[in-house]
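Here is a short report on one structure, written for a reader who is new to the subject.

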Amino acid sequence: MARRRGRGIASVNYPIGMNLGGDPSQALVHSNPGGKFTVALSSIDLGQGMKSVVRQICAEALGVPVEDVFVDTADSDTGPHCMGSFASRGTHRVGNAVIAAAEEARGVLLEAAAEKLEVDAADLVTDGRGNIHVRGAPSRLITVADASAAAQFEQGRTVSGRGIFLVPMSTPDPETGAMDPVTCYAHACTVAEVEVDDETGEVEVISIEAAYEVGRAMNPRLVEQQLVGGGWMGMSHALWETTEPYYPDRSHGPTDFNQYLMPGPGDICEQRFTILERPAPDGPYGGKGVGEMCSTPPIPAIANAIFDAVGVRIDEMPFTPEKILRALKEQGGAR
Amino acid sequence: MEFRKDLFANERDDDLNEVGRPTQRQDAQGHVTGRSRFFDDYALPGMLHMKFARSPHHHARVRSLDTREAAQMPGVVRILTSEDVPKKVHTLLILLDLGPDDEPPLAFDKVRYRGEPVAAVIAESESAAAAAAAKVRVDYEPLPAVFDVEEALAPGAPLVNEYHGRNWYDYNGYDFRKIRFGDVERGFREADHVVEERYQMSPIEHAPTETGGCIAAPDTAGRYVCYTNTQALFFSLETAARILDLPSNRLHFVGGTVGGGFGGKVDSVHEPLALLGAMLTQRPVRSAYSRAEEMQVSSPRGAERFYVKDGVMDDGRIVARYARIYFDAGAYSRLSPYGAVKAAAHMPGPYYIPNVWVDARCVYTNRTPSSAMRGFGVTGADFALEVQMDKLARLVGMDPMEFRIFNAYRDGDMKAHRRVTKNAALIECVQAAARIADWPLSERFQAMSSTRDGGGERGVIPPAPAPGPGPGKGASGRRVPPAGAEAAATTARPPAPADAPTVASPARSPLAGRGRMSSLLGTRRR
């Protein structure tokens, strides 16, 4: 009887956005007279950081500091339509809509500044610190705040923009299945190391090490937050969770967290990540989406690691001690 | 966490100001100080609570429903039954222009899963509502139930959902969404090894910190406001407007701050009935899942079953892949017909395989309707495919990482759904993972790239085989019972699909083919 170590891998891709498209999102961006911007959406922040990603994207596209942008969501009276926060679509779809809106607002802002500076708007650039100046002549400058005030109080311009992003709907061919599921994919490869107790059937996940290709990490901390949480969710799916432990039998359904098992603080493992960025041609700054993908590869990686450790294949989730012990017994022990 | 900025550097402009920075979240302070407003923070004076009388049976006819005793219970203000609901049968998918309507917000003639709501009790407190809900008397006539997807597809299985008329979702007149690419039969004949395995995903709870719910209240000008933790604000608003038969601008939805969703808050089950309660009582009404309801009544991740049959050569090339996919939708569609198509499109995984055959079925059973969850249509598929990949690698004696790099799709490769691969990065991910995990890769595989050696012969749509039955006999015909007859639910290893008996077509239900199903996502109606 022993604890046996094993390693397993999985490599996956993930389709970004609602499958087959047809899922628009809109954004409205406007400035107050002080040159501070609001993004109005009806998209949902589930905790994944939707508002913060969109805020950074808007600041980038406007050319202003992130502190000068706040995101207001989700009120159906003020926020334009968004299909919703699911299918790893937020960064890609809403991000693109926000870029479109911000670019329109930036256009007005630069026109207003050009009129004040008596130059051509095409010759103006933003410095990302709240100023607009003539390209190559940083001293010929106006602040975003002054340009915005001039637009609204002197020139009668609304410093605002509208954006929508839509991947047109695809209709699958009923005979061949030819279709456009999505426009881009994120990628990952996960290595899980486990220790399996061949006496109890218990699995301890020692580590998860993974490479994720995300197009563009809009905010590295938010990416890491997703990867860490997703990794734990994946190991939890692999080893513990189910609402129907004897599926398809409906009995023994858990009704609280004493019965519905998930890893506790002592069960979660160390995780290490490396990030790759191959920008998606139609992604906002190349961004794809990492939300859903990261909970998947730990599951097969752990299954494969269990095989590597003790030589049994568990092809039904979750990989409980009961299933592992039964398989070990059938096999005549670990090998 | 480290970055590999050296990879794909020539495709990337890294001269950005705000994007790419580790900026603190806009909502971080609010969340850690408790000031962020979640739906429950909008508790209103005079607010009522809604709780449900639920079916104890998996499948039963409702002979009669008696709410008189419940209505006499202390604190009860109003009891809703199907009679009160303007649109008695609905489907979420109608917003993707897909029918048919198949689910009653409150059951009337039949219940199709244990936990299905038959009446909603609105009372002064949650406990009063729950106590009264227990006093709703329903005369049930239990019916035979079916729980396994393949048993549900077998001839003679109890019919779960009359609105579909059979126990599967109809895709363009087929009982499955299919992918046909190349000639899998030939691939299997020519392969050095053929392996078929069965994989079973479990139903899984989303387990958000904040259970699903909302508060609905009368507002001014004949409007109603709804504070909700939906994941899709307008999706829920439009669902409510349709069920309540209201113009959408009579509803004002406020949300956007949610304590975890993971796909479990798209179903829009609370908003329509809480709004209906607010309309009929003219008071605020709160409806939210208890933790027990969240775990046993709310939609779980669907339990998907996969049969993956592969042909592989001694040198490691996978030459054919045949996947049969069974999505267990439970009693109602919710979003499962969409998820099954997503799973079909995901096949054969991020690999170049010249011959692919996929049958993806969405099956109705007498269990809690399943729905979207993080990785919808993909998580179960990748579990199946990646364990299968491990088995194949060991079978041909290759390192599992090198085996994946060898078979990985590259730019220019034709995918099974007949689109050319672009922007691929699987090979680089495997190489990068090998590096951080100290997994030895031989130089040959370290040198491979997603941007090289794809396309060419790999970039064309292969000719279709001569017409034939395909890898699953009968599987290519219209409206035949699919492979359900092939394997009993408890069989660990099913017979190869080619051994499956051909089964005669069942009589066509009068309901078959109705609804707008010209495509999975037809023209959106607005």
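A:Asn219 caps the N-terminal end of H4(A), with a side-chain oxygen 2.9 Å from the backbone nitrogen of A:Arg221. A polar contact is a pair of N or O atoms within 3.5 Å; within protein, one must be able to donate a hydrogen and the other to accept it, and residues adjacent in sequence count only if both atoms are side-chain atoms. Helices (H or I, at least four residues) and strands (E, at least two) are DSSP runs, numbered from the N terminus.

This is a predicted model, in which local features need pLDDT of at least 70, side-chain atom pairs count only at pLDDT 80 or more, and totals for chains, interfaces and linings use all residues. Residues are numbered from 1 along each chain as its sequence is written, chains are lettered from A and ligands numbered from 1 in the order in which they are written, and side-chain values use heavy atoms, leaving out hydrogens and water.

A:Ile268 lies in the loop between helix H4 (220-239) and strand E11 (270-276) of chain A. A:Ile268 is partly exposed, because its relative accessible area is 31%. Not counting residues up to four places away in sequence, A:Ile268 touches A:Trp232, A:Met235 and A:Pro263, where contact means heavy atoms within 4.5 Å. A:Met235 is 33 residues from A:Ile268 in sequence, and their C-alpha atoms are 8.2 Å apart.

## Cores

A nonpolar core is a set of buried Ala, Val, Leu, Ile, Met, Phe, Trp, Tyr and Cys residues joined through side-chain atoms within 4.5 Å. The largest has 133 residues, and A:Phe319 and B:Phe403 are among those with the most contacts inside it. Helix H10 (residues 379-396) of chain B gives the largest share of this core, nine residues. A second, separate core has 46 residues, including A:Val39 and A:Leu109.

## Chain A as a whole

| Property of chain A | Value |
|---|---|
| Helices and strands | six helices, 11 strands |
| Span along principal axes, C-alpha trace | about 85 × 45 × 40 Å |
| Buried residues | 64% of 335 residues |

Conventions
Buried means under 20% relative accessible area, exposed over 50%, partly exposed in between (1.4 Å probe, protein chains only).
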